[in-house]
Amino acid sequence: MQYLTDEGLKIFNELENHCKNRLKMEDVDTFELTMLANSFALYSECAKLCNEDGVQMTITTEKGGVYSQIRPEYTVMKNEYANILKHGGKFGLNPGDREKIFKGLKADKRKGFDLKKAV
């Protein structure tokens, strides 16, 4: 977790608490959860900048020409949002995915499945 910023570490701790309290989180899940926390932190950092300065920036060329382009931070923000959507469901971070996960947990209990014995 050395690559997480302070904000990323706070996000990771919240995600970890959620997963440990609600899901069958194992130690092996920590690495992917760390990547998810990093995506949240990068998204947050870039979103703050885009909200303050806008999603476009003006560039002046050496010859005095001026043009606008999308900020690189906006592109990073979009990419990290896609990562969050792709991986957040694995950890029950939206209502639909939580419902699927909890139904699966209830079904496991009914079947008498014990993950710790299976591993």
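Student: How many aromatic pairs does a search of the whole structure find?
Tutor: Keep in mind that this is a predicted model. The search of the whole structure finds 1 aromatic pair.

Student: Which rings form the pair, and how are their planes set?
Tutor: Planes under 30 degrees apart count as stacked, and over 60 as edge-to-face; the rest are tilted. Here the rings belong to Y43 and Y81. Their centres are 6.0 Å apart. The planes meet at 40 degrees, so this pair is tilted.

Student: Which parts of the chain does the pair link?
Tutor: Distant ones. Y43 sits in helix 2, residues 29–53. Y81 sits in helix 3, residues 72–88.

Student: Are Y43 and Y81 buried, partly exposed or exposed?
Tutor: Buried means under 20% relative accessible area, and exposed means over 50%. Y43 has 28%, so Y43 is partly exposed. Y81 has 43%, so Y81 is partly exposed as well.

Student: What share of the chain's residues is buried?
Tutor: Of the 119 residues, 26% are buried. The chain exposes about 8,600 Å², with 52% of that supplied by carbon and sulfur atoms.

Student: And how much of the contact set links residues 24 or more positions apart?
Tutor: Count contacts with a separation of 6 or more. Residues 24 or more positions apart account for 57% of them.

Definitions and conventions: Residues numbered from 1 in each chain as written. Predicted model: local features only at pLDDT ≥ 70, side-chain atom pairs only at ≥ 80, totals over all residues. Heavy atoms only, no water. Buried < 20%, exposed > 50% of the residue type's maximum accessible area, 1.4 Å probe, protein only. Contact = heavy atoms within 4.5 Å. Areas by Shrake-Rupley, 256 points an atom, 1.4 Å probe, with all protein chains shown as cover. Phe/Tyr/Trp six-rings, centres within 6.5 Å; stacked < 30°, edge-to-face > 60°. Helix = DSSP H or I, 4+ residues; strand = E, 2+ residues; numbered from the N terminus.
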